[in-house]
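Here is a brief report on one structure. Keep the sequence and the 3D view open while reading.

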Amino acid sequence: MSAMLQASGLTKEFKGFVAVNNVDLTVERGTIHALIGPNGAGKTTFFNLLTKFLQPTRGTITYDGKDITSKSSADIARLGLVRSFQISAVFDDLTVLENVRIAMQRRRGDSYDFWRSEAVLGQYDDEARGYVESVGLGEFINHRAAELSYGRKRALEIATTLSLEPDMLLLDEPMAGMGQEDVERISALIKRISEGRTILMVEHNLSVVADLSDRITVLARGEVLAEGDYDTVSKSPEVIEAYIGAGHD
Ligand SMILES: Nc1ncnc2c1ncn2[C@@H]1O[C@H](COP(=O)(O)OP(=O)(O)OP(=O)(O)O)[C@@H](O)[C@H]1O
């Protein structure tokens with residue numbers, strides 16, 4: 001095992017309020033790691049620190065052996081650490097294929113050429129088609145994104161994210177707002193795309209967390225409360241108390 005992503009002493013203060021407090025977290029290469037915790041625990045803030053939407057007050061972040069603490073979001077995406085769902089917007093009026101193609105063009109830095117001739121765009125098609133098929137959307141490839149169900153739109157977001165060729169994915173509540181059928185489909189997809197990649201996800205659906213995660217870190221009030229596999233953390237009295245205290249089941 002070796003560390004893919006490591007946060008050390010990561011801290012974020014907002015005008016004296018400490019939202020993330022001295023957090024140490026190691027995500028091992030090739031694993032699915034979940035970050036859970038009651039509302040207001042600091043999960044989103046922590047994710048925003050990792051992807052540089054926010055600058056930490058203190059602490060360091062290392063990705064694949066490189067210190068990325070002062071790098072920009074774009075820089076770390078180029079290094080292969082990509083956040084999904086918030087960063088990869090789906091364009092409703094474009095087809096599934098066109099959405100993936102545009103993400104690929106952005107990766108290659110020619111995003112302002114997307115009105116170019118079909119011949120130029122065609123260069124991307126084979127690769128884009130591969131990503132669309134890999135998330136099970138082959139039969140919808142020429143459908144407008146607006147026509148897709150919610151779960152399939154999420155699958156399309158995953159395809160656009162994969163087209164950025166990430167080594168590590170940060171998934172921000174991948175199951176939010178989904179019905180059971182979509183939850184099962186996206187869970188299976190996450191499992192599939194985790195092969196050869198590292199995943200850190202924030203997720204509220206604990207049965208999904210139990211099913212997918214190799215390791216779980218529980219945050220509460222900005223601090224790490226527990227860490228381990230699902231059995232370990234779900235039996236921790238501190239974890240149970242933190243969830244009950246916050247009004248969760
Ligand atoms: N920009 C900000 N300014 C001040 N306080 C903030 C800011 N962003 C977050 N906070 C506070 O930091 C704490 C942690 O919030 P955060 O959204 O990170 O928690 P969370 O674990 O993601 O919660 P949820 O599960 O509800 O999304 C909260 O008390 C929140 O009010």
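Predicted model: local features only at pLDDT ≥ 70, side-chain atom pairs only at ≥ 80, totals over all residues.

## The ligand shell

The residues around the ligand are F14, F17, A19, G37, N39, G40, A41, G42, K43, T44 and T45. Two elements, strand 2 (17-28) and helix 1 (43-50), each give at least two residues to this shell. Helix 1 provides the largest share, three residues.

Sorted by class, the shell holds four nonpolar residues, six polar and one charged.

## Helix 9

Helix 9 spans residues 237-245, and V239, A242 and Y243 are buried in it. Viewed down the helix axis, the buried residues fall within an arc of 95°, so they line one face of helix 9. An α-helix has 3.6 residues a turn, so residues three or four places apart point the same way.

The other side of helix 9 carries the exposed residues P237, E241, I244 and G245. Cover for the buried residues of helix 9 comes from elements including strand 9 (215-220), strand 10 (223-228) and helix 8 (230-235).

## R107

R107 sits in helix 3, which runs over residues 96-107. Is R107 buried, exposed or partly exposed? R107 has 16 other C-beta atoms within 10 Å, so it is partly exposed. A buried residue would need 20 or more, and an exposed one 12 or fewer.

Leaving out residues up to four places away in sequence, R107 touches S163 and L164. R107 and A74 lie 33 residues apart in sequence, with 9.8 Å between their C-alpha atoms.

How values were computed. Residues numbered from 1 in each chain as written. Helix = DSSP H or I, 4+ residues; strand = E, 2+ residues; numbered from the N terminus. Arc of directions from axis to C-beta. Contact = placed C-beta atoms within 7 Å. Near = placed C-beta within 6 Å. Nonpolar A, V, L, I, M, F, W, Y, C, P; charged D, E, K, R; others polar.
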